[in-house]
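Please read the following report alongside the sequence and the coordinates.

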Amino acid sequence: MEKSLWTSCLVVLLLSPTCLSITADYLITGPRDDKCAALGGICQNDNQYCTGSYFSNKCAGPVTTRCCTKNITIRDTKECKNVMIISRDSWGARRPVKVLPLKTPVGDFFLHHTDTKNCTTAKNCISIVKSIQQYHMNDKNWWDIAYSFLVGEDGHVYEGRGWKTVGSHTRGCNDKSLAASMIGNFNDVLPNAAALSSVKRLISCGVEIGRLSPNYSLFGHRDVRDTDCPGNALYKNMSSWTHFHIHGPGCP
Ligand SMILES: [Zn+2]
């Protein structure tokens with residue numbers, strides 16, 4: 001076919017409304033969504049559940065359209081030197097409904113347990129962390145996973161709302177404290193050595209980076225609410241930790 005004929009055919013095709021919209025769509029979304037496809041992911045609204053990890057800048061459209069992969073890629077928030085905090089995007093956290101900034105440093109640190117199965121591998125811990133976020137957002141109707149951090153017996157800390165956001169972990173104290181939840185039920189047994197050492201390092205890091213006051217006080221959830229949390233065994237153990245109850249909680 002002659003070159004001019006090709007051109008006129010192409011012009012006719014492009015002028016059809018369907019064709020034009022497909023072409024425009026491709027020009028806008030094609031190349032950028034390909035970056036997500038290359039990671040084996042799909043572009044979706046990041047308020048949705050994701051089986052793997054979330055990545056930014058791999059999808060067309062608004063910043064809330066992000067790449068959700070099938071597999072997990074573990075990334076450290078790099079906020080703390082001696083403990084790895086696995087970032088929200090790594091574990092595929094959904095975007096919070098709303099975020100309230102936390103005024104730091106806070107004076108209180110609360111310990112919880114998740115009262116779920118425990119986990120000794122990142123894969124299992126991430127699956128529990130995802131299901132807790134689903135439960136807190138879908139069933140409890142909270143803006144996000146409740147805790148500032150979660151700690152697994154794989155020795156990793158999992159970023160919840162993090163250092164800078166008000167949580168919904170300890171009613172009455174949320175805007176004055178940070179909280180970590182140990183993954184498992186610790187009424188009869190203690191978290192293993194890896195988890196205990198990670199949570200202690202997390203708390204020290206909070207002081208080092210100025211999010212937790214150097215004269216902070218450590219509490220268990222049961223100190224302010226009628227609950228077993230963080231479990232009998234863990235509560236007994238933490239009562240020998242430095243900073244335990246060094247001053248009363250400034251909340252009901
Ligand atoms: Zn609790």
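This is a predicted model: local features need pLDDT of at least 70, side-chain atom pairs count only at pLDDT 80 or more; totals for chains, interfaces and linings use all residues.

Residues are numbered from 1 along each chain as its sequence is written, and side-chain values use heavy atoms, with hydrogens and water left out.

His 221 and Cys 229 are both buried, where buried means under 20% relative accessible area, exposed over 50%, and partly exposed in between, with a 1.4 Å probe and protein chains only.

## Overall architecture

The protein chain comprises six helices and nine strands; these elements are DSSP runs numbered from the N terminus, with helices being H or I over at least four residues and strands being E over at least two. Of its 252 residues, 45% count as buried. Taking contact to mean heavy atoms within 4.5 Å, 65% of the contacts between residues at least 6 apart in sequence join residues at least 24 apart.

Strands are said to pair if DSSP finds at least two bridges between them. Strand 2 is joined by two bridges to strand 3 (residues 65–69), and the two run antiparallel.

Phe 55 has Cys 67 of strand 3 as its bridge partner, and the ring of Phe 55 also carries the charged end of Arg 75 over it, 4.2 Å from the ring centre. A charge is taken to sit over a ring if NZ of Lys or CZ of Arg is within 6 Å of the ring centre and within 35 degrees of the ring normal. Another such arrangement places Lys 130 over the face of Tyr 49, at 5.7 Å from the ring centre.

Six strands build an open sheet of mixed pairing in the order 4-7-6-8-5-9, and its edge strands, strand 4 (85–86) and strand 9 (212–220), each pair on one side only. Strand 5 (residues 106–113) runs parallel to strand 8 (residues 177–182), with six bridges between them, and Phe 109 stands opposite Leu 178 of strand 8. Helix 4 (residues 122–139) packs on the sheet, where it touches strand 6 (149–151) and strand 7 (157–159), and its direction makes about 35° with that of strand 7. Helix 5 (residues 193–208) also packs on the sheet, touching strand 4, strand 5, strand 6, strand 7, strand 8 and strand 9, and its direction makes about 145° with that of strand 9. For these angles, axes are lines fitted to C-alpha atoms, for helices over the stretch in contact, and the values run from 0 to 180 degrees between N-to-C directions.

Strand 8 is largely enclosed by the rest of the structure, because six of its six residues are buried. Ser 177, Ala 179 and Ser 181 point one way from this strand, while Leu 178, Ala 180 and Met 182 point the other way. Strand 6 and strand 8 run parallel and are joined by three bridges.

## Individual residues

Gly 206 is found in helix 5 and is buried, with a relative accessible area of 0%. Leaving aside neighbours within four places in sequence, Gly 206 is in contact with Trp 163, Arg 211 and Leu 212; its C-alpha atom is separated by 7.8 Å from that of Trp 163, 43 residues apart along the chain.

Leu 100 lies in the loop between helix 3 (88–91) and strand 5 and is partly exposed, with a relative accessible area of 44%. Not counting residues up to four places away in sequence, Leu 100 touches Trp 143, Lys 164, Thr 165 and Val 166.
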